[in-house]
Amino acid sequence: MIKQIFGKLPRKPSKSSHNDSNGDGGVHDNSSLNSALGPNSLNNSKPGSASSKPSNSSRSNNGPLNSHSSTSNKSNHGKKTASLASQAGPISASGVYEALPSFRDVPSSEKQNLFLKKLSLCYVVFDFSDPSKNLREKEIKRQTLLELVDYISSVSSKFNEVAMQEVTRMVAANLFRTFPSPNHDSKILEMYDMEDEEPAMDPAWPHLQIVYELLLRFVVSPETDAKLAKRYVDHPFVLKLLDLFDSDDQREREYLKTILHRIYGKFMVHRPFIRKAINNIFYRFIFETEKHNGIAELLEILGSIINGFALPLKEEHKLFLVRALIPLHKPKCVSMYHQQLSYCITQFVEKDFKLADTVIRGLLKYWPVTNSSKEVMFLGELEEVLEATQTAEFQRCMVPLFRQIGRCLNSLHFQVAERALFLWNNDHIRNLITQNRTVILPIIFPALERNTRGHWNPAVQSLTLNVRKIFSDADQVIFDECLARYQEDEAKQKELQEKRELTWKRLEDVAASKVVSNEAVMVSKSISSIAIDKSTAPKATA
């Protein structure tokens, strides 16, 4: 009871707490930084000082970095959060953010300690929205990062767990952030073309680039033991790296692509998780947002991964093709990543030619109706797939395939018709078509004849005549049969049209004869039945 009473009495403030109450938030913070960077304080080198506060106030992933904060620092944190977040801490403003000695100036026995101290110094994240702010401190950090990159590249001993932990923490403090995304959940995306947007440049790139380079050198270094490093380059770390692929900055996505590919190659234990995480990004992009900046880079990584798949392909990989890659043809912005997507699809067909039927039917399912430029891309991808297709798989899908190609041949957009006719320039595809001409020619012959007689573009007419000649040279008998059938159908259509016009003329004459007397027009049963029959006849013929 007595202890509880004494515990509630106010105590005499200590020297350190008195310094905290001076009103100048930089006094205690400066001493904290000096103690953190002292020569005999490795345990305190983790950033608990105010220098790391800006990243803590703006990044939720750096929570553990506060575990070593002092009591007085916690008491002042509430008053200084806003200013610290915007100014990268009062340390920078007071000029105490000082450069550490170079690795060349210390003996080899001290380089490991200096490495950890330099990593701690780089926890500070500066505000680049104002180019004139903290210029000296930003340059100190940039030089420190460059020294760290050189050290990681030239180190000759294995990294211990402390070093691995500090590297990943420093990388997380500088890289992991949330992007502003006002358009991600909006359908306004349909109103503009992302290809017309100006490329965005992150103002903090002078520091970000070196941090990315440091992470890349760390991952590929032979001194990084994957069995130990997997504890720190773990699933949450990989997920946050994947989140960064949505960056607007193309330079950042290029670095991320290289780093993630290296992580996939070095950390075999993470491979299934990385594939699943990429799957989830694709699903959200296809079925929810249709907005993501890094789809092309992710597909480029997957192209290399698919190329290394062992045969026979696992069912998991085939499901990935059907559920993720083929539906990626659906979004309107497919042109942004179609080249990489086409490569992945072709890799699957080359790995297992039995997948050709699945892929071609998937393309037909998502075939564009009103977007001509997208249709040209689909025809280009179709040619690459058909080039790797064997006869048996081709025969399974050739009927629906050439119905669609026939519609492309008659497209009023000359590039679509021209691209479809270019399929006959490919020797393998032409051989497949020639072998199955008895089925294919009757399907596309009407389209060829209509192009020959009435297409507005001379180049399309010329290419159509060449294709027509290929069929006539291959099998004149079938060609003549198709021509006779087409002429017969054309004559029937002409006759039906004439009968329809005659019927309407009779109706007009009857109506004209009754218009003077204002009598109701009675249509005989024979005339009305003829009109109904003839109006439905073209649909049946079609």
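Helices (H or I, at least four residues) and strands (E, at least two) are DSSP runs, numbered from the N terminus. With that in hand, let us walk through this protein.

## The model as a whole

This is a predicted model, in which local features need pLDDT of at least 70, side-chain atom pairs count only at pLDDT 80 or more, and totals for chains, interfaces and linings use all residues. Residues are numbered from 1 along each chain as its sequence is written, and side-chain values use heavy atoms, with hydrogens and water left out.

The score pLDDT is the predictor's confidence in each residue, from 0 to 100. Its average for the protein is 79, and 74% of the residues score at least 70. For residues 9–95, the model has 113 contacts beyond four places in sequence, where contact means heavy atoms within 4.5 Å. For residues 536–542, it has four such contacts.

How many helices and strands does the protein have? The secondary structure comes to 26 helices and zero strands. Of the 542 residues, 47% count as buried; buried means under 20% relative accessible area, exposed over 50%, and partly exposed in between (1.4 Å probe, protein chains only). Among contacts between residues at least 6 apart in sequence, 75% join residues at least 24 apart.

## Two helices side by side

Now look at helix α18 (residues 356–365) and helix α20 (residues 391–409), which pack at an angle of about 15° with their axes 9 Å apart. Axes here are lines fitted to C-alpha atoms, for helices over the stretch in contact, and angles run from 0 to 180 degrees between N-to-C directions.

Which residues of α18 and α20 meet? From α18 come Ala356, Asp357, Ile360, Arg361 and Leu364, and from α20 come Glu393, Arg396, Cys397, Pro400, Leu401 and Gln404. The residues of this contact divide into six nonpolar, one polar and four charged. In this grouping, Ala, Val, Leu, Ile, Met, Phe, Trp, Tyr, Cys and Pro count as nonpolar, Asp, Glu, Lys and Arg as charged, and the others, Gly among them, as polar.

## Two helix residues compared

Val416 lies in helix α21 (residues 414–421), and Arg142 lies in helix α8. Val416 counts as buried because its relative accessibility is 0%, whereas Arg142, at 28%, counts as partly exposed. Leaving out residues up to four places away in sequence, Val416 touches Ser372, Glu375, Val376, Leu379, Cys408 and Ser411, while Arg142 touches Pro206, His207 and Ile210. The table gives a C-alpha separation for each residue.

| Residue pair | Distance along the chain | C-alpha separation |
|---|---|---|
| Val416 and Ser373 | 43 residues | 7.9 Å |
| Arg142 and Val211 | 69 residues | 9.4 Å |

## Backbone details in the loops

Most residues other than glycine have a negative phi, and most peptide bonds are trans. Asn134, in the loop between α7 (108–121) and α8 (135–154), has a positive phi near 55°. This residue is buried, with a relative accessible area of 12%. Glu290, in the loop between α14 (271–289) and α15, also has a positive phi, about 55°, although it is not a glycine. At 23% relative accessibility, Glu290 counts as partly exposed.

Finally, where does Pro312 lie? Pro312 is in the loop between α15 (295–307) and α16 (315–325), and a cis peptide bond joins Leu311 and Pro312, with omega about -5°.
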